Amino acid sequence: MARSLVVKVTCGAEEAERLNQGFTVAAAAAAAGAEVSLWLTGEAAWYGVPGRAEEFELDLATPLDQLLAVVLDTGSVTVCSQCAARRGIGEDDLREGVRIAGAAVFAEQVLGDGVQALVY
């Protein structure tokens, strides 16, 4: 695959299907060989913290922690800096491989050549 994919997930368990769909698309693209960057914003920021993805359940859906592992294996996962700050989440609170970054990094990624961006 020549293009990169940036997926921004903006919701938490209150929008379970939308949350799961964003993770599913990111993991499917990563498994297909795309360069994937998954951004966790708003309530989705909590899924960058260990144990949170493991707690999420949705009938007939691949467990969120498994989807997250696929993306982390070949791509990147980033928690929005402002979203993290509003929730009291720091770098030391994040699961291994997840980072915190801001809008400038997001804009740089989505404005790259051949990049497709999706927001859930």
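Which residue of strand 2 does Val7 stand opposite? Val7 faces Leu38 there. The model is a predicted one, where local features need pLDDT of at least 70 and side-chain atom pairs count only at pLDDT 80 or more, while totals for chains, interfaces and linings use all residues. Residues are numbered from 1 along each chain as its sequence is written, and side-chain values use heavy atoms, with hydrogens and water left out.

- An open sheet is built from 5 strands in the order 4-3-2-1-5, with parallel pairing; strands are DSSP runs of E with at least two residues, helices are runs of H or I with at least four, and both are numbered from the N terminus.
- Strand 4 (98–101) and strand 5 (115–119) are the edge strands, each pairing on one side only; two strands pair if DSSP finds at least two bridges between them.
- On average, neighbouring strands of this sheet are turned by 25° against each other, direction ignored; axes are lines fitted to C-alpha atoms, for helices over the stretch in contact, and angles between N-to-C directions run from 0 to 180 degrees.

**Strand by strand**

- Strand 1 (residues 4–9) is mostly covered, as 5 of its 6 residues are buried; buried means under 20% relative accessible area, exposed over 50%, and partly exposed in between (1.4 Å probe, protein chains only).
- Strand 1 runs parallel to strand 2, joined by 6 bridges, and pairs with strand 5 in the parallel sense over 5 bridges, where Leu5 has Gln116 as its bridge partner.
- Strand 2 (residues 35–40) pairs with strand 3 (residues 76–80) in the parallel sense over 4 bridges, and Ser37 has Ser76 as its partner in strand 3.

**Helices against the sheet**

- Helix 1 (residues 16–31) makes a right-handed β-α-β unit with strand 1 and strand 2; right-handed means that, with the strands pointing away from the viewer, the path from the first strand over the helix to the second runs clockwise.
- Helix 3 (residues 64–74) lies across strand 2, strand 3 and strand 4, at about 110° to strand 3; contact means heavy atoms within 4.5 Å.

**Salt bridges**

- The count comes to 2 salt bridges, each a side-chain nitrogen of Lys or Arg within 4 Å of a carboxyl oxygen of Asp or Glu.
- Glu43 and Arg87 meet in one of them (2.9 Å, N to O); Glu43 is in the loop between strand 2 and helix 2 (52–55) and Arg87 in the loop between helix 4 (81–86) and strand 4, so the pair ties together parts 44 residues apart in sequence.
- Glu54 and Arg95 also meet in a salt bridge (2.6 Å, N to O); Glu54 is partly exposed at 40% relative accessibility, whereas Arg95 is buried at 15%.
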